[in-house]
Amino acid sequence: IMYLLYRFLINIIFVISPIIIFVRLFKKKEELKRFKEKFCFFTQQRIKGTLIWFHGASVGEIQSIIPLVEKFEKDKNIKQILITSNTISSSKIVNSLKLKKTVHQFFPIDTNFLSKKFINFWKPSKVFFIDSEIWPNTLNNLYENKIPIVLLNARITKKTFNKWMMVDSFAKSVFYKFSLCLSSSNETKSYLRKLGGKNIKFFGNL
């Protein structure tokens, strides 16, 4: 039931998204040439071979993974690295690094249709979601495609945990889909276990 409710609400957001995008363009929170990426009109090409995907909300999350990305850049088995985020400032950080294998795209609106289109285009072999980025449709479609999903630098506050516990069964169906959860604190490790996460390890804050 909660999945149906979520999909209903995210579809409403999709319907009114042109208005939201217009306002954000006016406030200079979207790029005129690139906002269409959020609707799966891609501005980068998929290269043949193994692709890994990192997603973080904004600047802090993207900055935290730079050493990891630089290490993966040196791995000959990885042909391309995709980084997605939601903000212009974070995209500028990725572009400023001038990494050879790495491309940036804006994260698509999490409707079932768009998330499927995104996954089918990029075909990642492994996905890393950073901190507290939880997108149920995307997670579900990755899981159904048997693509390993890692929750990296997992961070859940008590307030967020309490909200998830209000929809306990929905939370467990979401967090179960992560193949590995690397927690940034012991508190988050405890929360993840109660929310139905599996293979949880305390890693420390990136």
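**Exercise 1.** Determine whether H55 is buried or exposed, and describe its surroundings.

*Solution.* Step 1: H55 has a relative accessible area of 0%. Buried means under 20% relative accessible area, exposed over 50%, and partly exposed in between (1.4 Å probe, protein chains only); H55 is therefore buried.
Step 1: H55 belongs to strand 1; helices (H or I, at least four residues) and strands (E, at least two) are DSSP runs, numbered from the N terminus.
Step 2: Leaving aside residues up to four places away in sequence, the residues that H55 touches include T84, F107, F128 and W135, where contact means heavy atoms within 4.5 Å.
Step 3: The side chains of H55 and T84 are joined by a polar contact of 2.8 Å, that is, a pair of N or O atoms within 3.5 Å; within protein, one must be able to donate a hydrogen and the other to accept it, and residues adjacent in sequence count only if both atoms are side-chain atoms.

The model is predicted: local features need pLDDT of at least 70 and side-chain atom pairs pLDDT 80 or more, whereas totals for chains, interfaces and linings use all residues. Residues are numbered from 1 along each chain as its sequence is written, and side-chain values use heavy atoms, with hydrogens and water left out.

**Exercise 2.** State which side chains make polar contacts with the side chain of E30.

*Solution.* Step 1: E30 is located in the loop between helix 1 and strand 1 (51–55).
Step 1: With a relative accessible area of 7%, E30 is buried.
Step 2: The side chain of E30 makes polar contacts with the side chain of R24, at 2.6 Å, and with that of K38, at 2.7 Å.

**Exercise 3.** Explain how the buried residues of helix 4 (residues 112–122) are arranged around its axis.

*Solution.* Step 1: The buried residues of helix 4 are L114, S115, F118, I119 and W122.
Step 1: Viewed down the axis, these residues fall within an arc of 130°, so they line one face of helix 4; the arc is that of the directions from the helix axis to the C-beta atoms.
Step 2: An α-helix has 3.6 residues a turn, so residues three or four places apart point the same way.
Step 3: Among the elements covering the buried residues of helix 4 are helix 1, strand 1 and helix 5.
Step 4: Just after helix 4, K123 takes a positive phi of about 45°.
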